[in-house]
Amino acid sequence: MSTAEMALPKRTIPIGTILLQAFLILVAITQIYPLIWLAFFSLKDNSEIFSGDVANLPKQFLWSNYAKALSEGHVLTYFFNSVFVTAVSIILVLILSSMTGYAITRMNWKLSGLTLTIILLGMMVPIHAALLPLFMVLKNLGLLNSYWSLIIPYVAFGIPMAVFILGSFFRGVPRELEEAAVIDGCGIYRTFFSIILPLVRPAISTVAIFTFLSCWNELMFAVTFINKESMQTLTVGMMSMVGTYITQWGIIGAGLMITTIPTIIIYLLLNKQVQKSMIAGAVKG
Amino acid sequence: MMNSVFSNKTAITIFVLPTLLIFCAIVLVPIFVSSYYSLLDWNGVGKGAYIGFHNYVELFTDSRALNSMKNSLLFAAASIFIQLPLSLLLALILASNVKGEGFYRTVYFIPVLISTVVIAQLWSKIYNADYGLLNTLLENVGLSHLAQDWLGQKKTALIASFIPTLWQYIGYHMLLMYAGAKSISQDIFEAAKIDGASRVRTAFLITIPLMKPVLKVCLVFSVIGAFKVFDLIYVLTGGGPFFTTEVPSTLMYTTIFDTYRYGYGSAISVFIILECLVVTLIINKFIKTE
């Protein structure tokens, strides 16, 4: 029986395996080819794109499209704005939500449950809800066209998910560690910052990745609160750039590639962690 | 000593208050403000006139608004009946120890990470009537009679604007479902194998039922995602041609920032919030999980 079982898969599986692999490869090509095509056309000039063979490799690699996108197209400015807004938002989300997540899950106070419920409700609120009220407030405060007009909402809308993820990690830390720290004379701040926080590093990177993706790619607030070109982030900048360079696909393609490359690099470096954080973001019960 | 450290009132205040303030000010209070605005006839200048539920009456009688709701329902239906089954198929295949599992999982997920603005621009180039990739491919395989202006005409625009979303998020649902399938204990599959159950039978009778919690999450995400969709439509078609691809969020945006009808726009935003909330509650009520 054991030999039959061993032999059976060897004879029957190949055809099925080949079909299955062919299917999986076909899906992989579908998922990836549009991006490869984008990379190709970012290196072509108009005559090559418009001559009809849009699908082929560039005849010669026009890196000057990238240079032009960066200088004339202001992509460098948009890029810096996106990096700044995203970085500050990530840092603030991490500081605020780790402290709050800790206080809610590990410290003793009457309203901790209620506070958690209120914050987690925020995960269900679409950003559409806040668009007009925030626009009015920012306008009245003269904060439109400032980095804060994006950072503050990004932080606020990032908090619920971050508190959720960090909170569930804090819950898994053994009580004994905190007790030992306190017995050794640590106060609450030292216990939190130098004992507990380093233990939840995976959760911190999960939250950082999650916040990065949502801030880096956000459009609705960015297009509403910022109209000064020098303050625009990549998503908005790309929209206006397409208007300006409507007939120069190569340059637009280069701009789109510059927007995309950082995300792809981060993904290829941290691919397991990124996938985990996307799963963690979903499993909120 | 423990108690005094862990119920330190000052520390709790320092840890919680800033977060709570920013969260309430930016996320919670605006919901109430939007609800209030939605009862006004207001162009943003001066004080608005209170008109009760008139904006909501208009929302449910105006053909343009109803059409946008119809479109988002079609988006939701396409997500449920096309995107989720495809993702499930891929997840089940990848979770069954096929060769290259990790590679495929990584590749399928890449579009999820890319900004929707980039994806919309990219697909508008793919769909371009004169030089686009899609028409070129059709010509190369001898189907040039099918080549057309995909986003420019009424009959193809809606389906053409749905495909990029499908393409972008298949990897996300696949990953969630894959994680769900992988978390099922291997013993159950061993037992099924010993009983002689085929792969397909095992999938339908064991794997899928056990994946119910994650399938529910995917269902909620895809429906809410369809109701909230904004970036893609805004960049790809702007709701055109002739409102054929308009969805509530783009209608809300143009109502507020192009026609300055702040009250009516707020009514649409309240509608979107309620729609998402109700759907989540319904799905949670009808699909019970532990």
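Contact here means heavy atoms within 4.5 Å. Keep that cut-off in mind for the whole tour.

This is a predicted model, in which local features need pLDDT of at least 70, side-chain atom pairs count only at pLDDT 80 or more, and totals for chains, interfaces and linings use all residues. Residues are numbered from 1 along each chain as its sequence is written, chains are lettered from A and ligands numbered from 1 in the order in which they are written, and side-chain values use heavy atoms, with hydrogens and water left out.

**Stop 1**

Select chain B. It has 14 helices and 2 strands; these are DSSP runs numbered from the N terminus, helices being H or I of at least four residues and strands E of at least two. The radius of gyration, taken over C-alpha atoms, is 24 Å.

**Stop 2: the interface**

In chain B, 86 residues are in contact with 88 residues of chain A. The two chains bury about 8000 Å² between them, 80% of it on carbon and sulfur atoms. That is the accessible area (1.4 Å probe) lost on putting the two parts together, summed over both. Select Phe6(B), Phe15(B) and Leu113(B): they supply 11% of the area that chain B buries against chain A, more than any other three residues. Next, color helix H2 (residues 9–37) of chain B. With 19 residues, H2 gives the largest share of the side of chain B that touches chain A.

**Stop 3: helix H13 of chain B**

Select residues 248–257 of chain B. How many of the residues of H13 are buried? The count is 10 of 10, where buried means under 20% relative accessible area, exposed over 50% and partly exposed in between (1.4 Å probe, protein chains only). Among them are Pro248(B), Tyr253(B) and Phe257(B). Show the neighbors next. From chain A, helix H6 (128–140) and helix H11 (220–225) pack against the buried residues of H13(B). From chain B, the partners are helices H4 (63–95), H11 (212–228), H12 (231–236) and H14 (262–286).

**Stop 4: Ser115(B)**

Go to the loop between helix H5 (101–113) and helix H6 (116–127) of chain B, where Ser115(B) sits. Is Ser115(B) buried or exposed? Ser115(B) is buried, with a relative accessible area of 4%. Display Asn217(A) and Thr235(A): Ser115(B) touches both, not counting residues up to four places away in sequence.

Terms used
Rg over C-alpha atoms; globule rule 2.2 N^0.38 Å.
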